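Keep the viewer open and work along with each solution.

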Amino acid sequence: MKNNRYFLLVTGILMILNFSQHIAGQWQGMPQELFTRAEKTWFKETSMNKDVKTFCEKVAELSRYAHTEVFGRTKEGNDLFMVVLANPKVASPAEAAATGKPVIYIQANIHAGEVEGKEASMQLMREICFGPKTPLIDNQILIFCPNFNPDGNDKLSTTSRPSQDGSPALTGVRASGEGYDLNREGIKAEAVETKAFLKNIILKWDPALLIDLHTDNGSWHGYALNYAPAYLTAGSSVVYNFVIDSLLPAVRTSVLERSGIPVFSFGYMSQRPGDQTTFSTYSHLPRYIVNYMGLRNRMAILSETFSHDRFEKRVLSNYLFLVSVLEYTNLNHGKIAEMVKKADEETIRLIREQGGKISKGVTYKITSAPDPIPLLTRETEEYTDENGRTRRRPTGRLLWIDDVKHYNHFVPVTEAVVPWAYLFPAELESVAAKLKEHGIEVKVTDKRYSVTAEQFMISKYTRDSRAAYGGHYAVKVEGHYVSKKIIVDIGSFYVDMRQPLAWLAFYMLEPESDDGFLFWNYFDEYLIARGAGNSSISSLPYPVIKVLKPLKGKEKT
Ligand SMILES: [Zn+2]
(Lines give C-alpha, C1' and ligand atoms only; values in the text may rest on other atoms or scores of the structure.)
Protein backbone atom coordinates (compact mmCIF):
# COMPACT_ATOMS: atom_id res chain seq x y z
CA MET A 1 0.00 0.00 0.00
CA LYS A 2 2.81 2.44 0.89
CA ASN A 3 4.55 1.94 -2.47
CA ASN A 4 1.26 2.37 -4.19
CA ARG A 5 0.67 5.68 -2.40
CA TYR A 6 4.13 6.98 -3.31
CA PHE A 7 3.62 5.92 -6.90
CA LEU A 8 0.35 7.80 -6.97
CA LEU A 9 1.90 10.99 -5.66
CA VAL A 10 4.91 11.03 -7.98
CA THR A 11 3.13 10.01 -11.14
CA GLY A 12 0.28 12.38 -10.31
CA ILE A 13 2.66 15.34 -10.17
CA LEU A 14 4.47 14.30 -13.35
CA MET A 15 1.20 13.83 -15.13
CA ILE A 16 -0.08 17.29 -14.28
CA LEU A 17 3.24 18.92 -15.24
CA ASN A 18 3.21 17.16 -18.57
CA PHE A 19 -0.45 17.48 -19.30
CA SER A 20 -0.30 20.54 -21.53
CA GLN A 21 2.55 19.01 -23.55
CA HIS A 22 0.56 15.80 -23.81
CA ILE A 23 -2.41 17.61 -25.31
CA ALA A 24 -0.20 19.72 -27.58
CA GLY A 25 1.54 16.55 -28.80
CA GLN A 26 -1.76 15.13 -29.97
CA TRP A 27 -2.11 17.84 -32.58
CA GLN A 28 0.60 16.48 -34.84
CA GLY A 29 -0.39 14.61 -37.97
CA MET A 30 -4.13 14.52 -37.54
CA PRO A 31 -6.91 16.26 -39.46
CA GLN A 32 -7.39 19.70 -37.92
CA GLU A 33 -11.16 19.47 -38.39
CA LEU A 34 -11.23 16.67 -35.84
CA PHE A 35 -9.87 18.66 -32.93
CA THR A 36 -12.55 19.55 -30.47
CA ARG A 37 -13.72 22.95 -29.35
CA ALA A 38 -12.42 22.04 -25.89
CA GLU A 39 -8.92 21.42 -27.26
CA LYS A 40 -8.96 24.47 -29.50
CA THR A 41 -9.95 26.75 -26.61
CA TRP A 42 -7.51 25.16 -24.14
CA PHE A 43 -10.47 23.70 -22.29
CA LYS A 44 -12.23 26.98 -21.70
CA GLU A 45 -15.26 25.83 -23.71
CA THR A 46 -17.09 22.61 -24.44
CA SER A 47 -18.35 21.49 -27.85
CA MET A 48 -21.66 22.80 -29.11
CA ASN A 49 -24.15 20.75 -31.14
CA LYS A 50 -22.82 22.11 -34.41
CA ASP A 51 -19.28 21.09 -33.42
CA VAL A 52 -20.37 17.53 -32.66
CA LYS A 53 -22.33 17.35 -35.90
CA THR A 54 -19.34 18.58 -37.91
CA PHE A 55 -17.08 16.12 -36.13
CA CYS A 56 -19.36 13.14 -36.77
CA GLU A 57 -19.79 14.01 -40.43
CA LYS A 58 -16.09 14.78 -40.97
CA VAL A 59 -14.80 11.64 -39.32
CA ALA A 60 -16.92 9.51 -41.67
CA GLU A 61 -15.77 11.55 -44.65
CA LEU A 62 -12.08 11.35 -43.75
CA SER A 63 -11.65 7.93 -42.16
CA ARG A 64 -11.87 4.54 -43.79
CA TYR A 65 -13.01 3.04 -40.47
CA ALA A 66 -15.91 5.35 -39.64
CA HIS A 67 -19.57 5.18 -40.55
CA THR A 68 -21.85 7.95 -39.27
CA GLU A 69 -25.61 7.78 -38.95
CA VAL A 70 -28.38 9.96 -37.59
CA PHE A 71 -30.37 7.62 -35.36
CA GLY A 72 -33.03 9.97 -34.08
CA ARG A 73 -34.26 13.52 -33.82
CA THR A 74 -35.02 15.39 -30.62
CA LYS A 75 -38.04 17.48 -29.75
CA GLU A 76 -36.14 20.63 -30.64
CA GLY A 77 -35.13 19.23 -34.01
CA ASN A 78 -31.54 18.25 -33.23
CA ASP A 79 -30.13 15.13 -34.86
CA LEU A 80 -28.74 12.33 -32.71
CA PHE A 81 -25.47 11.13 -34.21
CA MET A 82 -23.83 7.76 -33.86
CA VAL A 83 -20.42 6.88 -35.26
CA VAL A 84 -19.56 3.24 -35.90
CA LEU A 85 -15.83 2.47 -35.91
CA ALA A 86 -14.72 -0.89 -37.25
CA ASN A 87 -11.81 -2.41 -39.15
CA PRO A 88 -12.86 -3.14 -41.81
CA LYS A 89 -15.63 -0.57 -41.73
CA VAL A 90 -19.21 -1.74 -41.19
CA ALA A 91 -22.27 0.24 -42.13
CA SER A 92 -25.15 -1.91 -40.91
CA PRO A 93 -26.09 -4.19 -38.02
CA ALA A 94 -26.08 -7.16 -40.41
CA GLU A 95 -22.51 -6.42 -41.47
CA ALA A 96 -21.53 -6.06 -37.82
CA ALA A 97 -23.18 -9.36 -36.85
CA ALA A 98 -21.44 -11.14 -39.72
CA THR A 99 -18.02 -10.28 -38.25
CA GLY A 100 -18.80 -12.09 -34.97
CA LYS A 101 -17.10 -9.22 -33.12
CA PRO A 102 -18.81 -7.79 -30.03
CA VAL A 103 -20.33 -4.33 -30.35
CA ILE A 104 -19.43 -1.83 -27.63
CA TYR A 105 -21.62 1.26 -27.29
CA ILE A 106 -20.19 4.42 -25.71
CA GLN A 107 -22.71 7.11 -24.81
CA ALA A 108 -21.86 10.58 -23.52
CA ASN A 109 -23.62 13.77 -22.44
CA ILE A 110 -26.87 12.10 -21.36
CA HIS A 111 -26.82 14.82 -18.69
CA ALA A 112 -25.70 17.69 -20.84
CA GLY A 113 -23.94 19.61 -18.07
CA GLU A 114 -21.59 16.64 -17.61
CA VAL A 115 -19.58 17.39 -20.70
CA GLU A 116 -16.20 15.66 -20.58
CA GLY A 117 -17.45 12.31 -21.91
CA LYS A 118 -18.46 14.13 -25.08
CA GLU A 119 -14.97 15.60 -25.49
CA ALA A 120 -13.13 12.40 -24.55
CA SER A 121 -15.21 10.32 -26.99
CA MET A 122 -14.43 12.63 -29.87
CA GLN A 123 -10.71 12.67 -29.02
CA LEU A 124 -10.70 8.90 -28.84
CA MET A 125 -12.57 8.48 -32.13
CA ARG A 126 -10.00 10.71 -33.80
CA GLU A 127 -7.10 8.76 -32.35
CA ILE A 128 -8.62 5.44 -33.35
CA CYS A 129 -9.13 6.66 -36.90
CA PHE A 130 -5.88 8.58 -37.38
CA GLY A 131 -3.64 8.00 -34.40
CA PRO A 132 -2.10 5.33 -32.25
CA LYS A 133 -5.36 3.79 -31.06
CA THR A 134 -6.41 2.03 -34.27
CA PRO A 135 -5.71 -1.41 -32.70
CA LEU A 136 -8.74 -0.82 -30.45
CA ILE A 137 -10.92 -1.82 -33.40
CA ASP A 138 -8.99 -4.97 -34.27
CA ASN A 139 -11.46 -7.28 -32.57
CA GLN A 140 -14.50 -5.21 -31.69
CA ILE A 141 -16.95 -2.75 -33.19
CA LEU A 142 -17.33 0.57 -31.41
CA ILE A 143 -20.39 2.77 -31.59
CA PHE A 144 -20.03 6.26 -30.16
CA CYS A 145 -22.87 8.63 -29.39
CA PRO A 146 -20.90 11.66 -28.15
CA ASN A 147 -23.95 13.83 -27.52
CA PHE A 148 -27.04 11.92 -26.39
CA ASN A 149 -28.78 15.07 -25.15
CA PRO A 150 -28.29 17.81 -27.76
CA ASP A 151 -31.39 19.71 -26.59
CA GLY A 152 -29.70 20.13 -23.21
CA ASN A 153 -26.23 20.70 -24.65
CA ASP A 154 -26.64 24.14 -26.16
CA LYS A 155 -28.66 25.67 -23.31
CA LEU A 156 -25.50 27.11 -21.87
CA SER A 157 -25.61 28.07 -18.23
CA THR A 158 -23.13 29.04 -15.52
CA THR A 159 -25.21 27.38 -12.83
CA SER A 160 -26.23 23.97 -14.15
CA ARG A 161 -23.25 22.19 -12.54
CA PRO A 162 -22.15 24.05 -9.39
CA SER A 163 -19.85 21.25 -8.22
CA GLN A 164 -17.78 21.56 -11.40
CA ASP A 165 -16.45 24.86 -10.01
CA GLY A 166 -16.92 26.80 -13.24
CA SER A 167 -14.66 24.56 -15.30
CA PRO A 168 -15.66 25.11 -18.05
CA ALA A 169 -17.59 28.30 -17.31
CA LEU A 170 -20.57 27.34 -19.46
CA THR A 171 -22.21 23.94 -19.82
CA GLY A 172 -25.58 22.65 -20.94
CA VAL A 173 -28.41 21.52 -18.70
CA ARG A 174 -29.46 18.13 -17.37
CA ALA A 175 -32.95 17.75 -18.84
CA SER A 176 -33.84 16.80 -22.40
CA GLY A 177 -35.92 19.09 -24.62
CA GLU A 178 -39.05 17.31 -23.40
CA GLY A 179 -37.96 17.85 -19.81
CA TYR A 180 -36.89 14.29 -19.07
CA ASP A 181 -33.96 13.11 -17.02
CA LEU A 182 -32.73 10.68 -19.67
CA ASN A 183 -31.05 8.49 -17.09
CA ARG A 184 -34.37 7.54 -15.46
CA GLU A 185 -35.84 6.18 -18.65
CA GLY A 186 -34.72 2.54 -18.58
CA ILE A 187 -38.19 1.10 -18.02
CA LYS A 188 -40.68 3.70 -19.23
CA ALA A 189 -38.69 4.77 -22.31
CA GLU A 190 -40.86 7.80 -23.07
CA ALA A 191 -38.30 10.36 -24.23
CA VAL A 192 -37.65 10.56 -27.98
CA GLU A 193 -33.94 10.04 -27.30
CA THR A 194 -34.61 6.83 -25.37
CA LYS A 195 -37.01 5.55 -28.00
CA ALA A 196 -34.37 6.16 -30.68
CA PHE A 197 -31.72 4.49 -28.51
CA LEU A 198 -33.88 1.38 -28.06
CA LYS A 199 -35.05 1.13 -31.64
CA ASN A 200 -31.90 2.04 -33.52
CA ILE A 201 -29.04 1.06 -31.24
CA ILE A 202 -30.08 -1.58 -28.73
CA LEU A 203 -32.48 -3.62 -30.86
CA LYS A 204 -30.52 -3.25 -34.09
CA TRP A 205 -26.88 -3.46 -33.01
CA ASP A 206 -27.31 -5.40 -29.74
CA PRO A 207 -24.24 -4.04 -27.92
CA ALA A 208 -22.56 -6.53 -25.59
CA LEU A 209 -21.38 -3.63 -23.44
CA LEU A 210 -22.72 -0.12 -22.87
CA ILE A 211 -20.56 2.60 -21.32
CA ASP A 212 -22.45 5.64 -20.00
CA LEU A 213 -20.34 8.72 -19.27
CA HIS A 214 -21.20 11.16 -16.46
CA THR A 215 -19.67 13.57 -13.95
CA ASP A 216 -20.32 12.97 -10.26
CA ASN A 217 -21.78 15.44 -7.78
CA GLY A 218 -18.63 15.83 -5.76
CA SER A 219 -18.27 13.93 -2.50
CA TRP A 220 -14.66 14.37 -1.34
CA HIS A 221 -13.25 10.97 -2.24
CA GLY A 222 -9.78 10.97 -3.73
CA TYR A 223 -10.41 9.42 -7.13
CA ALA A 224 -10.45 11.00 -10.57
CA LEU A 225 -13.21 8.74 -11.77
CA ASN A 226 -15.57 6.20 -10.30
CA TYR A 227 -17.28 3.35 -12.07
CA ALA A 228 -20.16 0.99 -11.45
CA PRO A 229 -21.38 -2.15 -13.20
CA ALA A 230 -24.96 -2.95 -14.12
CA TYR A 231 -25.94 -4.01 -10.61
CA LEU A 232 -27.19 -7.55 -10.38
CA THR A 233 -30.90 -7.92 -9.72
CA ALA A 234 -32.90 -10.45 -11.71
CA GLY A 235 -30.44 -10.55 -14.63
CA SER A 236 -27.58 -12.88 -15.52
CA SER A 237 -24.94 -13.32 -12.83
CA VAL A 238 -22.47 -14.60 -15.44
CA VAL A 239 -22.04 -11.25 -17.17
CA TYR A 240 -22.21 -9.35 -13.86
CA ASN A 241 -19.44 -11.46 -12.33
CA PHE A 242 -17.23 -10.97 -15.36
CA VAL A 243 -17.58 -7.19 -15.13
CA ILE A 244 -16.95 -6.90 -11.38
CA ASP A 245 -14.38 -9.68 -10.94
CA SER A 246 -12.37 -9.33 -14.14
CA LEU A 247 -13.05 -6.28 -16.28
CA LEU A 248 -13.27 -3.46 -13.72
CA PRO A 249 -10.32 -4.53 -11.52
CA ALA A 250 -8.15 -4.87 -14.65
CA VAL A 251 -9.22 -1.43 -15.85
CA ARG A 252 -8.50 0.12 -12.46
CA THR A 253 -4.94 -1.23 -12.54
CA SER A 254 -4.46 -0.27 -16.16
CA VAL A 255 -5.50 3.38 -15.66
CA LEU A 256 -3.25 3.68 -12.60
CA GLU A 257 -0.25 2.10 -14.28
CA ARG A 258 -0.49 4.11 -17.47
CA SER A 259 -1.15 7.49 -15.84
CA GLY A 260 -0.95 7.46 -12.05
CA ILE A 261 -4.62 8.43 -11.98
CA PRO A 262 -6.56 6.56 -9.29
CA VAL A 263 -10.01 5.30 -10.23
CA PHE A 264 -12.34 3.17 -8.14
CA SER A 265 -15.91 1.94 -7.61
CA PHE A 266 -18.62 4.57 -7.56
CA GLY A 267 -19.88 5.74 -4.19
CA TYR A 268 -20.88 8.51 -1.85
CA MET A 269 -18.73 8.87 1.23
CA SER A 270 -20.26 9.36 4.64
CA GLN A 271 -18.16 10.29 7.67
CA ARG A 272 -19.92 10.86 10.96
CA PRO A 273 -17.87 11.44 14.11
CA GLY A 274 -17.58 8.20 16.03
CA ASP A 275 -19.00 6.07 13.20
CA GLN A 276 -17.21 3.87 10.71
CA THR A 277 -16.77 5.71 7.39
CA THR A 278 -19.03 4.29 4.68
CA PHE A 279 -18.79 4.42 0.92
CA SER A 280 -22.11 3.57 -0.72
CA THR A 281 -23.11 3.22 -4.32
CA TYR A 282 -26.30 4.63 -5.81
CA SER A 283 -29.07 2.29 -6.91
CA HIS A 284 -29.91 -1.04 -8.44
CA LEU A 285 -33.02 0.27 -10.22
CA PRO A 286 -33.23 -0.45 -13.96
CA ARG A 287 -34.62 3.02 -14.67
CA TYR A 288 -30.88 3.83 -14.75
CA ILE A 289 -29.71 2.87 -18.21
CA VAL A 290 -26.66 0.96 -16.98
CA ASN A 291 -28.70 -1.26 -14.64
CA TYR A 292 -31.30 -1.71 -17.35
CA MET A 293 -28.68 -3.36 -19.58
CA GLY A 294 -28.10 -5.98 -16.87
CA LEU A 295 -31.72 -7.13 -17.19
CA ARG A 296 -31.04 -7.61 -20.91
CA ASN A 297 -28.15 -10.00 -20.07
CA ARG A 298 -25.69 -7.40 -21.31
CA MET A 299 -22.73 -5.67 -19.70
CA ALA A 300 -22.69 -2.02 -18.78
CA ILE A 301 -20.41 0.43 -17.04
CA LEU A 302 -21.29 3.73 -15.46
CA SER A 303 -18.40 6.21 -15.50
CA GLU A 304 -18.49 9.26 -13.21
CA THR A 305 -15.56 11.66 -13.35
CA PHE A 306 -14.75 13.68 -10.23
CA SER A 307 -16.62 16.95 -10.60
CA HIS A 308 -14.16 19.17 -8.71
CA ASP A 309 -11.28 18.31 -11.03
CA ARG A 310 -10.57 20.89 -13.72
CA PHE A 311 -12.26 20.26 -17.04
CA GLU A 312 -9.02 19.23 -18.82
CA LYS A 313 -8.23 16.71 -16.09
CA ARG A 314 -11.75 15.28 -16.27
CA VAL A 315 -11.47 14.87 -20.04
CA LEU A 316 -8.12 13.14 -19.60
CA SER A 317 -9.41 10.79 -16.86
CA ASN A 318 -12.39 9.92 -19.00
CA TYR A 319 -10.22 9.34 -22.05
CA LEU A 320 -7.80 7.08 -20.16
CA PHE A 321 -10.64 5.13 -18.59
CA LEU A 322 -12.23 4.54 -21.99
CA VAL A 323 -8.92 3.45 -23.50
CA SER A 324 -8.34 1.00 -20.65
CA VAL A 325 -11.84 -0.48 -20.90
CA LEU A 326 -11.59 -0.81 -24.66
CA GLU A 327 -8.12 -2.38 -24.52
CA TYR A 328 -9.50 -4.97 -22.14
CA THR A 329 -12.59 -5.69 -24.23
CA ASN A 330 -10.51 -5.80 -27.42
CA LEU A 331 -8.26 -8.40 -25.81
CA ASN A 332 -11.18 -10.40 -24.40
CA HIS A 333 -13.49 -10.00 -27.39
CA GLY A 334 -14.11 -13.72 -27.86
CA LYS A 335 -14.98 -14.27 -24.24
CA ILE A 336 -17.36 -11.29 -24.22
CA ALA A 337 -19.20 -12.34 -27.37
CA GLU A 338 -19.49 -15.88 -26.06
CA MET A 339 -20.60 -14.79 -22.61
CA VAL A 340 -23.56 -12.68 -23.71
CA LYS A 341 -24.67 -15.42 -26.08
CA LYS A 342 -24.42 -17.93 -23.25
CA ALA A 343 -26.34 -15.65 -20.88
CA ASP A 344 -29.24 -15.58 -23.36
CA GLU A 345 -29.15 -19.35 -23.83
CA GLU A 346 -28.95 -19.95 -20.08
CA THR A 347 -31.99 -17.74 -19.54
CA ILE A 348 -34.09 -19.79 -21.94
CA ARG A 349 -32.78 -23.06 -20.52
CA LEU A 350 -33.51 -21.99 -16.95
CA ILE A 351 -37.12 -21.08 -17.74
CA ARG A 352 -37.59 -24.30 -19.70
CA GLU A 353 -36.22 -26.43 -16.87
CA GLN A 354 -37.30 -24.46 -13.82
CA GLY A 355 -39.98 -21.99 -14.89
CA GLY A 356 -42.69 -21.92 -12.22
CA LYS A 357 -40.27 -23.29 -9.61
CA ILE A 358 -37.62 -20.60 -9.12
CA SER A 359 -37.96 -17.17 -7.57
CA LYS A 360 -36.09 -13.93 -8.17
CA GLY A 361 -36.09 -10.60 -6.37
CA VAL A 362 -38.55 -7.86 -7.25
CA THR A 363 -37.35 -5.42 -4.57
CA TYR A 364 -33.78 -5.06 -3.31
CA LYS A 365 -31.71 -3.42 -0.62
CA ILE A 366 -28.11 -2.30 -0.62
CA THR A 367 -25.59 -4.31 1.36
CA SER A 368 -21.91 -4.08 2.19
CA ALA A 369 -18.94 -6.14 1.07
CA PRO A 370 -17.78 -8.60 3.77
CA ASP A 371 -14.42 -6.88 4.29
CA PRO A 372 -13.71 -3.20 4.92
CA ILE A 373 -11.67 -1.37 2.29
CA PRO A 374 -9.02 1.36 2.28
CA LEU A 375 -10.45 4.45 0.59
CA LEU A 376 -8.56 7.34 -0.97
CA THR A 377 -10.13 10.61 0.18
CA ARG A 378 -9.43 14.32 0.19
CA GLU A 379 -8.57 15.83 3.54
CA THR A 380 -11.01 18.60 4.46
CA GLU A 381 -10.94 21.43 6.98
CA GLU A 382 -13.62 23.60 8.54
CA TYR A 383 -14.03 27.22 7.50
CA THR A 384 -16.60 29.94 8.00
CA ASP A 385 -18.34 31.17 4.87
CA GLU A 386 -19.47 34.76 4.16
CA ASN A 387 -22.80 34.07 5.90
CA GLY A 388 -21.07 32.95 9.07
CA ARG A 389 -21.85 29.27 8.50
CA THR A 390 -19.37 26.53 9.25
CA ARG A 391 -18.51 24.54 6.16
CA ARG A 392 -15.82 22.12 5.04
CA ARG A 393 -13.42 22.43 2.15
CA PRO A 394 -10.53 20.31 0.88
CA THR A 395 -7.01 21.18 1.96
CA GLY A 396 -5.56 19.78 -1.27
CA ARG A 397 -4.03 16.76 0.46
CA LEU A 398 -5.02 13.19 -0.32
CA LEU A 399 -5.61 10.89 2.59
CA TRP A 400 -6.17 7.15 2.85
CA ILE A 401 -8.83 6.02 5.28
CA ASP A 402 -8.58 2.39 6.25
CA ASP A 403 -11.47 0.26 7.44
CA VAL A 404 -14.24 1.80 5.32
CA LYS A 405 -17.50 -0.08 5.01
CA HIS A 406 -18.21 -0.51 1.31
CA TYR A 407 -21.86 -0.78 0.27
CA ASN A 408 -21.49 -2.10 -3.24
CA HIS A 409 -24.16 -4.65 -4.08
CA PHE A 410 -27.82 -5.47 -3.63
CA VAL A 411 -29.77 -8.39 -2.22
CA PRO A 412 -33.44 -9.27 -2.73
CA VAL A 413 -35.99 -8.20 -0.15
CA THR A 414 -39.19 -9.41 -1.84
CA GLU A 415 -39.16 -12.30 -4.29
CA ALA A 416 -41.65 -13.63 -6.82
CA VAL A 417 -41.92 -16.90 -8.73
CA VAL A 418 -40.62 -16.73 -12.30
CA PRO A 419 -43.42 -18.18 -14.45
CA TRP A 420 -43.56 -19.95 -17.78
CA ALA A 421 -45.66 -17.16 -19.14
CA TYR A 422 -47.54 -13.98 -18.34
CA LEU A 423 -51.03 -13.38 -19.75
CA PHE A 424 -53.04 -10.17 -19.79
CA PRO A 425 -56.25 -8.85 -21.37
CA ALA A 426 -56.45 -7.42 -24.88
CA GLU A 427 -57.45 -4.00 -23.55
CA LEU A 428 -53.97 -3.55 -22.05
CA GLU A 429 -52.55 -2.90 -25.49
CA SER A 430 -50.32 -0.09 -24.22
CA VAL A 431 -48.56 -2.58 -21.92
CA ALA A 432 -47.98 -4.97 -24.83
CA ALA A 433 -46.71 -2.11 -26.98
CA LYS A 434 -44.26 -0.99 -24.30
CA LEU A 435 -42.90 -4.53 -23.88
CA LYS A 436 -42.41 -4.78 -27.64
CA GLU A 437 -40.65 -1.43 -27.73
CA HIS A 438 -37.99 -3.04 -25.53
CA GLY A 439 -37.75 -6.01 -27.89
CA ILE A 440 -39.72 -8.43 -25.70
CA GLU A 441 -41.70 -10.93 -27.74
CA VAL A 442 -45.43 -10.66 -27.05
CA LYS A 443 -47.87 -13.08 -28.67
CA VAL A 444 -51.64 -13.00 -28.93
CA THR A 445 -53.65 -16.08 -27.93
CA ASP A 446 -55.57 -17.61 -30.81
CA LYS A 447 -57.63 -19.92 -28.62
CA ARG A 448 -59.69 -19.63 -25.50
CA TYR A 449 -57.82 -21.24 -22.62
CA SER A 450 -58.86 -22.44 -19.23
CA VAL A 451 -55.76 -22.21 -17.08
CA THR A 452 -54.71 -22.64 -13.50
CA ALA A 453 -52.95 -19.36 -12.92
CA GLU A 454 -51.37 -17.29 -10.21
CA GLN A 455 -53.07 -13.97 -9.75
CA PHE A 456 -51.88 -11.18 -7.46
CA MET A 457 -54.67 -9.82 -5.28
CA ILE A 458 -54.03 -6.19 -4.36
CA SER A 459 -54.99 -5.42 -0.78
CA LYS A 460 -53.40 -1.97 -0.68
CA TYR A 461 -52.81 0.42 -3.56
CA THR A 462 -50.83 3.62 -2.98
CA ARG A 463 -50.28 6.30 -5.58
CA ASP A 464 -47.95 9.23 -4.85
CA SER A 465 -49.68 12.57 -4.93
CA ARG A 466 -46.51 14.27 -6.18
CA ALA A 467 -45.34 13.77 -9.74
CA ALA A 468 -41.76 12.77 -10.47
CA TYR A 469 -39.68 11.88 -13.54
CA GLY A 470 -41.83 13.42 -16.23
CA GLY A 471 -45.32 13.39 -14.76
CA HIS A 472 -45.38 9.99 -13.07
CA TYR A 473 -47.03 9.21 -9.75
CA ALA A 474 -45.21 6.30 -8.18
CA VAL A 475 -47.52 3.37 -7.45
CA LYS A 476 -46.90 0.69 -4.85
CA VAL A 477 -49.09 -2.25 -4.00
CA GLU A 478 -49.36 -4.82 -1.25
CA GLY A 479 -51.11 -8.13 -1.57
CA HIS A 480 -50.49 -11.78 -2.29
CA TYR A 481 -50.71 -14.34 -5.07
CA VAL A 482 -53.58 -16.82 -5.19
CA SER A 483 -53.89 -19.84 -7.42
CA LYS A 484 -57.14 -19.99 -9.39
CA LYS A 485 -58.82 -21.24 -12.55
CA ILE A 486 -59.07 -18.46 -15.09
CA ILE A 487 -60.57 -18.35 -18.58
CA VAL A 488 -58.22 -16.54 -20.94
CA ASP A 489 -60.03 -15.03 -23.92
CA ILE A 490 -58.93 -15.24 -27.54
CA GLY A 491 -56.87 -12.15 -28.35
CA SER A 492 -55.24 -11.90 -24.93
CA PHE A 493 -51.56 -10.98 -24.75
CA TYR A 494 -49.14 -13.71 -23.95
CA VAL A 495 -45.47 -13.38 -22.93
CA ASP A 496 -43.73 -16.74 -23.21
CA MET A 497 -40.76 -16.47 -20.87
CA ARG A 498 -38.56 -18.80 -22.91
CA GLN A 499 -36.87 -15.80 -24.50
CA PRO A 500 -33.61 -13.92 -23.90
CA LEU A 501 -35.39 -10.91 -22.39
CA ALA A 502 -37.25 -12.94 -19.75
CA TRP A 503 -35.61 -11.11 -16.81
CA LEU A 504 -36.59 -7.74 -18.20
CA ALA A 505 -40.20 -8.93 -18.73
CA PHE A 506 -40.22 -10.29 -15.18
CA TYR A 507 -39.04 -6.99 -13.67
CA MET A 508 -41.55 -5.02 -15.73
CA LEU A 509 -44.61 -7.18 -15.14
CA GLU A 510 -44.35 -8.29 -11.52
CA PRO A 511 -46.76 -6.14 -9.49
CA GLU A 512 -44.45 -5.73 -6.50
CA SER A 513 -41.43 -4.80 -8.63
CA ASP A 514 -39.77 -1.63 -7.37
CA ASP A 515 -39.33 -0.37 -10.94
CA GLY A 516 -42.01 -2.18 -12.92
CA PHE A 517 -44.85 -1.02 -15.15
CA LEU A 518 -47.24 -0.84 -12.22
CA PHE A 519 -44.88 1.55 -10.44
CA TRP A 520 -44.71 3.70 -13.60
CA ASN A 521 -48.52 4.04 -13.91
CA TYR A 522 -49.11 1.69 -16.82
CA PHE A 523 -51.97 -0.02 -14.96
CA ASP A 524 -53.50 3.06 -13.32
CA GLU A 525 -56.33 3.53 -15.78
CA TYR A 526 -57.31 -0.14 -15.67
CA LEU A 527 -57.07 -0.45 -11.89
CA ILE A 528 -58.60 2.90 -10.92
CA ALA A 529 -61.62 2.11 -13.13
CA ARG A 530 -62.04 -1.01 -10.99
CA GLY A 531 -61.76 0.77 -7.68
CA ALA A 532 -58.02 0.93 -6.91
CA GLY A 533 -57.38 3.39 -4.11
CA ASN A 534 -60.99 3.10 -2.92
CA SER A 535 -60.82 2.05 0.73
CA SER A 536 -64.01 -0.02 0.50
CA ILE A 537 -62.34 -2.42 -1.96
CA SER A 538 -60.13 -4.79 -0.01
CA SER A 539 -59.03 -7.14 -2.77
CA LEU A 540 -58.47 -6.17 -6.38
CA PRO A 541 -57.07 -8.60 -8.98
CA TYR A 542 -53.93 -7.44 -10.83
CA PRO A 543 -54.66 -8.02 -14.53
CA VAL A 544 -51.40 -9.76 -15.47
CA ILE A 545 -51.68 -13.41 -14.49
CA LYS A 546 -48.93 -15.96 -14.59
CA VAL A 547 -48.92 -19.61 -15.48
CA LEU A 548 -46.40 -21.91 -13.90
CA LYS A 549 -46.64 -24.63 -16.55
CA PRO A 550 -46.72 -24.68 -20.36
CA LEU A 551 -50.04 -23.55 -21.83
CA LYS A 552 -50.43 -26.23 -24.48
CA GLY A 553 -53.19 -28.82 -24.36
CA LYS A 554 -55.47 -26.69 -22.25
CA GLU A 555 -57.64 -25.29 -24.95
CA LYS A 556 -61.18 -24.48 -23.90
CA THR A 557 -63.77 -25.01 -26.59
ZN1 LIG B 1 -25.12 12.30 -14.78
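**Exercise 1.** How many residue pairs are in polar contact across the interface of domain 1 and domain 2?

*Solution.* Start with the parts: this is a predicted model, and the protein is divided into domain 1 (2-341) and domain 2 (419-556). Next, look across their interface, where the rule finds twelve residue pairs in polar contact, both residues at pLDDT 80 or more. On the domain 1 side, α7 (192-205) and α9 (289-295) are the elements that give two or more residues. Of these, α7 supplies the largest share, three residues. Finally, sort that side by residue type: ten are nonpolar, six polar and six charged.

**Exercise 2.** Find the area buried between domain 1 and domain 2, and say which residues of domain 1 lose the most.

*Solution.* The contact draws 22 residues from domain 1 and 21 residues from domain 2. Together the two sides bury about 1,900 Å², with carbon and sulfur atoms giving 57% of that area. Within domain 1, the residues that lose the most area to domain 2 are Ile-187, Lys-188 and Arg-287, together 31% of what that side buries.

**Exercise 3.** How many salt bridges does the rule find across the interface of domain 1 and domain 2?

*Solution.* The rule finds two. Arg-287 forms a salt bridge with Asp-515, and their closest N and O atoms lie 3.0 Å apart.

Definitions and conventions: Residues are numbered from 1 along each chain as its sequence is written. This is a predicted model: local features need pLDDT of at least 70, side-chain atom pairs count only at pLDDT 80 or more; totals for chains, interfaces and linings use all residues. Side-chain values use heavy atoms; hydrogens and water are left out. Domain bounds come from an automatic or database domain assignment. Contact means heavy atoms within 4.5 Å. Buried area is the accessible area (1.4 Å probe) that two parts lose on being put together, summed over both. A salt bridge is a side-chain nitrogen of Lys or Arg within 4 Å of a carboxyl oxygen of Asp or Glu. A polar contact is a pair of N or O atoms within 3.5 Å; within protein, one must be able to donate a hydrogen and the other to accept it, and residues adjacent in sequence count only if both atoms are side-chain atoms. Helices (H or I, at least four residues) and strands (E, at least two) are DSSP runs, numbered from the N terminus. Ala, Val, Leu, Ile, Met, Phe, Trp, Tyr, Cys and Pro count as nonpolar, Asp, Glu, Lys and Arg as charged, and the others, Gly among them, as polar.
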